[in-house]
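Here are a few exercises to work through with the model open beside you. Try each one before reading its solution.

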Amino acid sequence: MRRRPRRGEVGASRGVVSPLLAAILFSLIGATGLAWAERPREPEGAASSGDLRFHARAIPFRHGEKEVRAEFSIRVPYQQAKFLPKDSVLQADLRITVQLKSMSGKVVAQQQQAAVLQVMDRTVAGDSLLGEIYSVGLPAPPGQYKFRVLVEDLNVARRG
């Protein structure tokens, strides 16, 4: 009579799955993956609306009981800005405004800054993958907020 191998020994079974059960399991995983792929993904950051398209993201930082700061990252693709010749470069002039509002709609913090984009080559100015990233930081009391980012192209009447 042959001795059955003990756990951990060579020849011991490790919970073999039947081929039928494995086929059912893989078909369920595949169907779930297809259903997930067809569902639209949530955007990574807030996307803009209006004439000028950009992406914005807010990251809150809390440093104690009363010290809170929100850092905003705003990416403006070169393709969205109107570049005009200036001296030996092409230049686009933008204005970026960030507002932090309480849940009741009251503006708690606001900052506005000018942004100047300069490129040497017209093909670079029309590229949709290249762009500038701007950072804006706002202090605010602890709480829940909504934010609004406005990007205006000062060379043409476009805003997003």
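**Exercise 1.** Which strands each supply at least two residues of the lining of the largest pocket?

Solution. Some ground rules to begin with: this is a predicted model, where local features need pLDDT of at least 70, side-chain atom pairs count only at pLDDT 80 or more, and totals for chains, interfaces and linings use all residues. Residues are numbered from 1 along each chain as its sequence is written, and side-chain values use heavy atoms, with hydrogens and water left out.

Now the terms. A pocket is an open set of points on a 1 Å grid over the protein atoms alone, where a 1.4 Å probe fits and protein lies on both sides within 12 Å along at least five of seven lines; lining residues have an atom within 4 Å of a point. Strands are DSSP runs of E with at least two residues, helices are runs of H or I with at least four, and both are numbered from the N terminus.

The strands you want are S2 (55-62), S3 (68-77) and S8 (145-153). S2 gives the most, five residues. The lining has 16 residues, with Pro60, Ala70, Leu100, Gly143 and Tyr145 nearest the centre.

**Exercise 2.** Which residues have the most contacts inside the largest nonpolar core?

Solution. A nonpolar core is a set of buried Ala, Val, Leu, Ile, Met, Phe, Trp, Tyr and Cys residues joined through side-chain atoms within 4.5 Å. Buried means under 20% relative accessible area, with a 1.4 Å probe and protein chains only. Of the 27 residues in the core, the ones to pick are Ile74, Phe83 and Val151. S5 gives the most to this core, six residues.

**Exercise 3.** Is Ala125 buried or exposed?

Solution. Find Ala125 in helix H2 (residues 122-125). Ala125 counts as buried because its relative accessibility is 8%. Leaving out residues up to four places away in sequence, Ala125 touches Tyr78, Gln79, Phe83, Leu90 and Val119, where contact means heavy atoms within 4.5 Å.

Terms used. Buried < 20%, exposed > 50% of the residue type's maximum accessible area, 1.4 Å probe, protein only.
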